[in-house]
Amino acid sequence: MSAPHPRRLGVLLTSHLALAGMLTAFCAWYLTDAWLARASVHNLILIAPVGIAAILTGLWLMVRELRAPSVPKAPQPGTFPMMALLAGFVALLPLVGFSAGIFLFVLGASRLMGLRNPVSLILYAALFTTAAVLLLGLVVRLPEPAIAAWFGAGR
Amino acid sequence: MDWIIDTAAMGQAMDLLSAQWAPWLLIVPGLLLGLLAGAVPGFGPGAMFAIMLPVAYHLDFLSAMIFMTSIFTGSGFGVAIPAILINVPGSAASVATTFDGFPMTRQGRQNEALGLALAASCFGTAVSYVILLAFIDNLAGAVLALGPAEMLLVVFWGLSLIAVMGGDLLKGLMAGMTGLLLATIGFGLMGTERGTLGIPHLLDGVSSISAMVGLFAVSEMFRLMHTDYVVEGSKPAPLEFRRILDGVRLAFRYPVTLLRGSAIGAMIGLLPGVGASLSNLFSYDWARRAAPDPDRFGQGAPEGVVAAESANSSSEGGSMLTLLALGIPGGAGTAMLYTVFALNDITGGPRFYAENKDVVYAIVLNNIVQAGALFVVGLACVHLFSALVRAPTRYLVPGVLAVSISASYAVTGSMIGPITALVFGVLGWMMDRHGYSRPALVVGLLLGDQLEAEALRTFQISGGSFDYLLGRPIALVLLVLLLATFLRAAMRRRRATGAAAR
């Protein structure tokens, strides 16, 4: 059996059926988890009625979708790469810190959005990173392991 | 109903405001951010609130509330700018502004239209806070007399109103219930650990601020990234300062429309989930029906702009009344303000009002001042914000995404914030694609804890007997209202399905 075409897989993963199924599965898992943690009225007074109602609503939505499917909509090109880029940014933050992380993300995302000129790309990413880090630095101490390692190696 | 203003508390409020200069400095930046959020269609005040919550996190309660309500006030006029200049409403709150605002632009009267909108927005905001000041004591007093059963039903009713407003009742309910369940993740009231997957960061629950950053800011950028400019192919008409002032003067030639729109907005703003998105249409329709020559509406009638803008701006005061007196956020905007309460370990509602009247009065007085400041800031910056409709998304989207993720780190102080924002960003994008209400999920997420506590208190008092509810007339009325909300939404859906089938 051949693997589904990536575009078709994208349509499937972002379909209404997938969303309704995902929300229903979450509600069912959470209800079970809370039940197993402590099957008492005090623990389940809200979770049990809301969880059961949510599961039934989710199933109803799924049945409705199966009986009268909505027109499949493919996600527009670039959406998944942008999500992947954002996930990479989040994953990289603890390793490289905010200055390097924001710079690399803005560079990659601007390129993905169609900014071609390398000078513009680097200039915009550098200026934005400087402004963002300075302003965010006023309200929170941002971890900068890459910069710390750089200066550490220089000593 | 008496008009009660506690003069002692009012005096303390004035002392509070005059003793500190820092909160006053936050008004102009807040208004500018609100104008920016409103003037960029698709971005919206919700996203701006979400991004700015980390700033509020580092301010004291009064300053944070002033900063956030300034954003709210600024966005009231901001949404009118693209509606008038390019026929694209900045948000659902300015749909009715396009009906006469854009025809005025096509006639070369864009300056007058902007002046009308600015005057009506400032007037509507100020009037709505005067109404709030006049009635909050009565409302909060009445709410204090309610027991946990009534509060449980009030919270449920508020949430159901938001859930059914999205269009599809089932999708709205699913979003609201998922939000309620997400809110209970972590330690329960009896100390039971639920749904944490063994992750220590989840013991305190899902970070509602990071979730809001994801649902409103991140997901909006995933949607906006497919255009070259915020609004494609648009070229705003030229602006003249003097003629904008003529528009401001023109607005006051319609005092009845101004006052009626402000009153309608404040009343509709009281209802959770409805607010500005409905009040502008309702006020516009009323003005059209009341006019001696209704045919002028839709052709560039100044009253149309005045009616729509006074109503959408005055909804702010109405929704603030619900937030302060009942402790219920009526939508995305007040949900963010509700979070400011949580950040300061304050539970909003009648008890907070009763014990902190001076703070509430200070917020209200400051908002009346904000309405005046909006006039100056709006007039000075309207040229700048009218150019924003041509903002290139290739700069905007990467910047907003990077700031959103960093801001969610600033709130939680750990990587759980950015991870939550990312997960909820993808979820919000999916929900938006399929017509699920994101505000319903957020309000569920914010009210879940309170709902669980009220349910448990009701259970403990009643001993689990339904007869307890039957002996409480207010609870029964609320139960009927709750059922009526669902019934009305179901009937509306059935009618819509029937009409589509025909």
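How many helices and strands does chain B have? I looked this up in a predicted model, where local features need pLDDT of at least 70, side-chain atom pairs count only at pLDDT 80 or more, and totals for chains, interfaces and linings use all residues. Residues are numbered from 1 along each chain as its sequence is written, with chains lettered from A and ligands numbered from 1 in the order in which they are written.

Entry, chain B. I find 23 helices and two strands (DSSP runs: H or I of at least four residues, E of at least two, numbered from the N terminus). The radius of gyration (over C-alpha atoms) is 22 Å, close to the 23 Å from the globule rule for 502 residues, so chain B is as compact as a globular protein of that length. The rule is 2.2 Å times the number of residues to the power 0.38. I read the C-alpha trace as spanning about 70 × 65 × 50 Å along its principal axes.

Entry, the side facing chain A. I looked up the contact (C-beta atoms, placed from the backbone, within 7 Å) and found 47 residues from chain B and 52 residues from chain A. Helix 19 of chain B gives the largest share of the chain B side, 12 residues. By class, I note 30 nonpolar, 11 polar and six charged residues on the side of chain B that touches chain A (nonpolar: Ala, Val, Leu, Ile, Met, Phe, Trp, Tyr, Cys and Pro; charged: Asp, Glu, Lys and Arg; polar: the others, Gly among them).

Technical notes
Two residues are in contact if their C-beta atoms, placed from the backbone, lie within 7 Å.
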